[in-house]
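Here is a guided walk through a two-chain model, with the sequence and coordinates to hand. Please keep the viewer open as you read.

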Amino acid sequence: MQEDSSLVEAFRGGDNAAFEALYSRHVRSVYDFVYVRTHHRQTAEDIVSQTFLQALEGIGSFDAEKGTFAGWLHRIARNLVVDHFRRLRPADSIEDAWDLPGDADVPVDADTALQVGKIRTLLKGMSPRQRDTVLLRLWHGRSFAEIAEILGTSEAACKMTYKRTVEKLQAALLVLLLLSILSPA
Amino acid sequence: MKHTVHSLVEELLELEPSLRGRREEVARVVQELLDSRMGTRWRPAFQQELLAVLRMQMGVAGKEAPHSSFFFPIFRMDSRFFFAGGGAVLGALLVFLTLGEPWAPAPGSPQPKELALEETVTPVAPHAFGSLAAKDAGGAGAGDAEMRMQAGGGGGGVAMESMMVPPGEYTQTRYVFEGDIPLPEGDLQVYRRIRPDANVPAGDALRGFASGMLDWSSFGPLRLQNVNVTEQGNDAYSFFVDYLEGSLSVNRMFAPESRPEFQCKDPECYERVRLRESDMLSDEEVIRIARAFIDASGIDASAYGEPVVPDDWRQWLKQSPDKTSFYFPEQVNVVFPLLLDGKPVYEEYGNPFGLTVGVDVRTKSAASLYNHFVQRYEQSAYAPVTDASRVRDLIDRGGMYMWRDPSAKLVDAKLGAPQEALMRMVQWDPDYTKNKELYVPALVFPVESWPEGTYDYRKYIVVPLADELLNMQDGGMPRPMPFVEPAAEEAAQ
């Protein structure tokens, strides 16, 4: 299988199929990444579309020596997610759907809202950076190097954020466990 | 890359050895988070839909096209209607968007041609267009469509002139010019319009269009031939761009409620709402409306001359025996004659040819525009006529394809001094892409007076000056309708 960087070069050389291969390889992961942060399919599809169109237009700016194509792509997507929520809720300065207040007039998929209710308690108290780090590692399976690229930070900082967030989650989980024991069924 | 709980826990413990004493708690957290991973409602069709968009983008704008920002306003995050509507809506709009950048080539494609409107003439070898008097040269059929478009009330003048039988006797018009016939000196320069056949790459990009409906990759290279786009709303303008012909035409799609005749269900209603003479606009008014439309549309009319109004309907009204039931045309045309090499262009039958704007009488607005096309020509030398008497013979008959019935009574129409012009003629081919559209040097004579008692209303007589064309003595004009002959035979019996 061709490396992403080789496909990028092939596309720059005029091979459209190379970009299509990159697209096929990454579209699902970008979509999942965006959906987890928007909780709304149509919004996610819009943002993913924008992501790949921006990637197509800006392919000349991708530098394989500075990072991976996947990381570059996800960073574009993350920036678009942040822009989306800042435009929707400029006063709240939120970066993704996790920080939406309960009464927010922002479309979210109903079944997803039910699903995240369980873990929202776990994740809500975190900063977007902490949340992104943990979810990118555990849900999206990204390496720390890729996470660093997506979040625009260093690999060491990512690892530090990750372990501290897990510790924090551990404490929160303990509280939840206690609450579930103490509350009547 | 998927990880097991074990590997993730080991990784954490390596990052923070102090957590080793709480291995089980850490594992519980990791497991909880993994179990809580939310479904993302992935829609497989979305992947193909977006791929179609990307293929269009790659096909239209190229990899580093600055104009690909065309698409971004459409794909703003609050503009979701594309994917809500599926690929069809998306494909349709993107086809429309390609109009904004139609000349951007797909990578590897030949460069599309510039479709500039300014006139370009390329000299080629003498007699390069073949015989001007080819067997399939357009005769009565070639110009008929244009002839009929003029007069709302009447039909094609050629057929009418020979077939209308005035009460009492059969007459034909003899066109009389008493002055000198100026003959050309040296070879004639005949023009042939070149179809640009723009290599519009949207055809390649359309491989992604409606991918769920058809596997475009099963077919050969595609290219865009024409596009039809329409404004939104009532009484909208609809535009037809022909990339093969290099032409643009416009038609207004009037809503039924804008047209009283559309509401009619019986003859009395039609009679009540039809136009009357008092509704008709002056020539000055229709020209003003036509000019305003051209100016507002940003159409470059520099290739065309001063407008004329073919008001044949006025002649028909004058000659109509029953003026109360005369049909007044809903639309009156304004023709801006094409100027080629500085000379005006006329059809074979004598009508000016050029950018035509149809003015709707009821709404006093432009309702159509056609004959607006790319001005690209080749020029080739042909032998001119050298015998003035042959020209007079053609003048006498009224130009090309006019048949003289020896039994007809001749009535004279007087002609004024001629002007140098070009006669447009089309040699038709079953493969329409091989039609030849030729412009032949000619003389055009204005009709200064018409004979009484005929249905003749022609304003100009056009006579080509190419020797080959004047050799066509019997140029294909059909004989009068059969019903004339049986009557003559009966009388003879």
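Chain A has a mean pLDDT of 83, and 88% of its residues reach 70 or more; pLDDT is the predictor's confidence in each residue, from 0 to 100. Within chain A, confidence is highest in helix 2 (residues 16-38) of chain A, at a mean of 92, and lowest in helix 5 (residues 110-124) of chain A, at 71. Helices (H or I, at least four residues) and strands (E, at least two) are DSSP runs, numbered from the N terminus.

A word on conventions: this is a predicted model, in which local features need pLDDT of at least 70 and side-chain atom pairs count only at pLDDT 80 or more, while totals for chains, interfaces and linings use all residues. Residues are numbered from 1 along each chain as its sequence is written, chains are lettered from A and ligands numbered from 1 in the order in which they are written, and side-chain values use heavy atoms, with hydrogens and water left out.

**Chain B as a whole**

Chain B holds 14 helices and 16 strands. Of its 493 residues, 48% count as buried, where buried means under 20% relative accessible area, exposed over 50%, and partly exposed in between (1.4 Å probe, protein chains only). Contacts in chain B with a separation of 6 or more come to 69% from residues 24 or more positions apart; a contact means heavy atoms within 4.5 Å. Chain B exposes about 23600 Å², and carbon and sulfur atoms supply 53% of that area, computed by the Shrake-Rupley method with a 1.4 Å probe.

**Where the chains meet**

How many residues of chain B are in contact with chain A? There are 47 of them, and they touch 57 residues of chain A. The area buried between the two chains is about 5400 Å², with 64% given by carbon and sulfur atoms; buried area is the accessible area (1.4 Å probe) that two parts lose on being put together, summed over both.

The interface of chain B and chain A has 5 salt bridges, a salt bridge being a side-chain nitrogen of Lys or Arg within 4 Å of a carboxyl oxygen of Asp or Glu. Between the chains there are also 11 residue pairs in polar contact (both at pLDDT 80 or more). A polar contact is a pair of N or O atoms within 3.5 Å; within protein, one must be able to donate a hydrogen and the other to accept it, and residues adjacent in sequence count only if both atoms are side-chain atoms. On the side of chain B that touches chain A, helix 1, helix 2 (23-35), helix 3 (44-61) and helix 4 (81-85) of chain B each supply at least two residues. Helix 3 of chain B gives the largest share of that side, 9 residues.

**Salt bridges**

Over all chains the count is 32 salt bridges. Four of them are set out here.

| Pair | Distance, N to O |
|---|---|
| R137(A) and E11(B) | 2.5 Å |
| R43(B) and E45(A) | 2.9 Å |
| E437(B) and R193(B) | 3.2 Å |
| R195(B) and E245(B) | 2.5 Å |

Take the salt bridge of R137(A) and E11(B). R137(A) lies in helix 6 (residues 128-138) of chain A and E11(B) in helix 1 (residues 5-15) of chain B, so this pair joins two chains. R137(A) is buried, at 5% relative accessible area. Among the buried ones are P128(A), D132(A) and L138(A).

Now turn to the salt bridge of E437(B) and R193(B). E437(B) sits in strand 15 (residues 436-449) of chain B and R193(B) in strand 3 (residues 188-193) of chain B, so the pair ties together parts that are 244 residues apart in sequence. E437(B) is buried at 5% relative accessible area, and R193(B) is buried at 4%.

R195(B) and E245(B) also form a salt bridge. This pair links distant parts of the chain, 50 residues apart: R195(B) is in the loop between strand 3 and helix 8 (202-205) of chain B, and E245(B) in the loop between strand 5 (236-242) and strand 6 (247-253) of chain B. E245(B) counts as buried, at 16% relative accessibility. Salt bridges that share partners join R193(B), R195(B), E245(B), E347(B), R424(B) and E437(B) into one network.

**Two loop residues with positive phi**

D341(B) is not a glycine, yet has a positive phi of about 55°. D341(B) is in the loop between strand 8 (339-340) and strand 9 (343-347) of chain B, and is partly exposed at 43% relative accessible area. K364(B), not a glycine either, has a positive phi of about 50°. K364(B) is in the loop between strand 10 (354-360) and strand 11 (365-373) of chain B, and counts as partly exposed at 46%.
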